[in-house]
Amino acid sequence: MNKFVMRQRLMDKVLIALFPISLFSVFLFGWRVLVVLLVSNIFAFVAEYLFIRKKKNGKVSSAAFVTATLLALSLPPTIPFWIVAVGVIIAIVFGKMVFGGFGMNIFNPAIVGRAFIYVSFPNEMTINWLKPFTKFPGGFAAWQNSNLLTSATPMMNIEELQTSGLSKLFIGNIAGSIGETSTLLILLAGIYLVYTKTAKWQGIVAFILASVTFSALFYHGNPLPFLLSGVAMFGAIFMITDPVSSPRNITALWIYGALVGFLTVLIRKYALFTEGFMFAVLLANSFIPIIEFGLDKAKVRKK
């Protein structure tokens, strides 16, 4: 495998952090989600390899598998396999390779792929949800739960969760995208990434503070359901901390995280799209050069 893959320690640690979340998703929704993960990773490998095969190095980066896993975990468990393949190809090709490959992209590749799927296939992304298994062996003994959800997901029922349902949102035995349900596992993954210096904590904290503040203002109630539902915490831990598409400067990172938090609340509240995080990240990614330029100019003026 090392003949075709360029191992990257930081990316390998992200994959380690994602493993418990992936395992729990199999328990919740069945073995089908494992196939979603496999399809995503296989097509990510192929897409990147076709671009770099004639280069001197000629190896697929570990980052490609991180992108593929993040994308797969952000999708509904009922997503058709061919849509997964299309999404991850878009993520690798148009989210990374068109900019020159690893380290050159300005947008988070996984978010690029998810946004494309969300806009292109809205029914597959927003209508079909599975009821999670709640008792062992759960999904470990099934392909998937045969019971489709007949009500809205927590993300769509956010105002009804102001005073109830927080424990389910925190533990994760709820309907939702494959890897976004368990805030507990996501937070533990975040602690691991920060402890191993794989991720910087400033962007995460800035996002949480901004999300809590503006959701309390916009929704006039308990901000926790907003923070614990949808892809918010999953994205905060794994996508805001992306070392390539996030700012290097710590001050810029604080501003970036806060901007993503504000835009997520704004889009969720007033736009047609229920899940605003992915659009918030893409918009904030485009503002990073302006933020860093402004901070550099401020430093020059002080001198």
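Mentor: Two packed helices are described by the angle between their axes and the distance between the axes. Here α3 and helix α5 (residues 109-120) pack at an angle of about 40 degrees, and their axes are 8 Å apart. Axes are lines fitted to C-alpha atoms, for helices over the stretch in contact, and angles run from 0 to 180 degrees between N-to-C directions. Helices (H or I, at least four residues) and strands (E, at least two) are DSSP runs, numbered from the N terminus.

Trainee: Before we continue, on what basis do these values rest?

Mentor: This is a predicted model, in which local features need pLDDT of at least 70 and side-chain atom pairs count only at pLDDT 80 or more, while totals for chains, interfaces and linings use all residues. Residues are numbered from 1 along each chain as its sequence is written, and side-chain values use heavy atoms, with hydrogens and water left out.

Trainee: In which hand does α3 pass α5, and which residues of α3 and α5 meet?

Mentor: The crossing of α3 past α5 is right-handed. A crossing is left-handed if the near helix is turned anticlockwise from the far one by less than a right angle, and right-handed if clockwise. From α3, Thr67, Leu70 and Leu71 meet Pro109, Ala110, Gly113, Arg114 and Ile117 of α5, where contact means heavy atoms within 4.5 Å. By class, the contact of α3 with α5 has 5 nonpolar, 2 polar and 1 charged residues. Ala, Val, Leu, Ile, Met, Phe, Trp, Tyr, Cys and Pro count as nonpolar, Asp, Glu, Lys and Arg as charged, and the others, Gly among them, as polar.

Trainee: Is alanine 110 buried or exposed, and what does alanine 110 touch?

Mentor: Alanine 110, which has its place in helix α5, is buried, with a relative accessible area of 2%. Buried means under 20% relative accessible area, exposed over 50%, and partly exposed in between (1.4 Å probe, protein chains only). Not counting residues up to four places away in sequence, alanine 110 touches Thr67, Leu70, Leu71, Ala91 and Met239.

Trainee: At what angle do the axes of α3 and α4 cross?

Mentor: Helix α3 (residues 62-73) and helix α4 (residues 81-95) have axes that come within 10 Å and cross at roughly 140 degrees. That angle makes α3 oblique to α4. Angles under 35 degrees count as roughly parallel, over 145 as roughly antiparallel, 65 to 115 as roughly perpendicular and the rest as oblique. The contact is made by Ala64, Thr67, Ala68 and Leu71 of α3 and by Gly87, Val88, Ala91 and Ile92 of α4. By class, this contact of α3 with α4 has 6 nonpolar, 2 polar and no charged residues.

Trainee: How do α1 and α2 cross, and which residues meet there?

Mentor: The axes of helix α1 (residues 9-29) and helix α2 (residues 32-52) come within 7 Å and cross at roughly 140 degrees, which makes α1 oblique to α2. Ser22, Ser25, Val26 and Phe29 in α1 meet Val33, Leu34 and Leu37 in α2. The residues of that contact divide into 5 nonpolar, 2 polar and no charged.

Trainee: How many residues has the largest nonpolar core?

Mentor: In soluble globular proteins, nonpolar side chains tend to be buried together. The largest nonpolar core here has 76 residues, and those with the most contacts inside it are Phe234, Phe238, Val260 and Phe277. A nonpolar core is a set of buried Ala, Val, Leu, Ile, Met, Phe, Trp, Tyr and Cys residues joined through side-chain atoms within 4.5 Å. Leaving aside neighbours within four places in sequence, phenylalanine 234 is in contact with Leu18, Leu70, Leu73, Gly179, Glu180, Ile186 and Met239.
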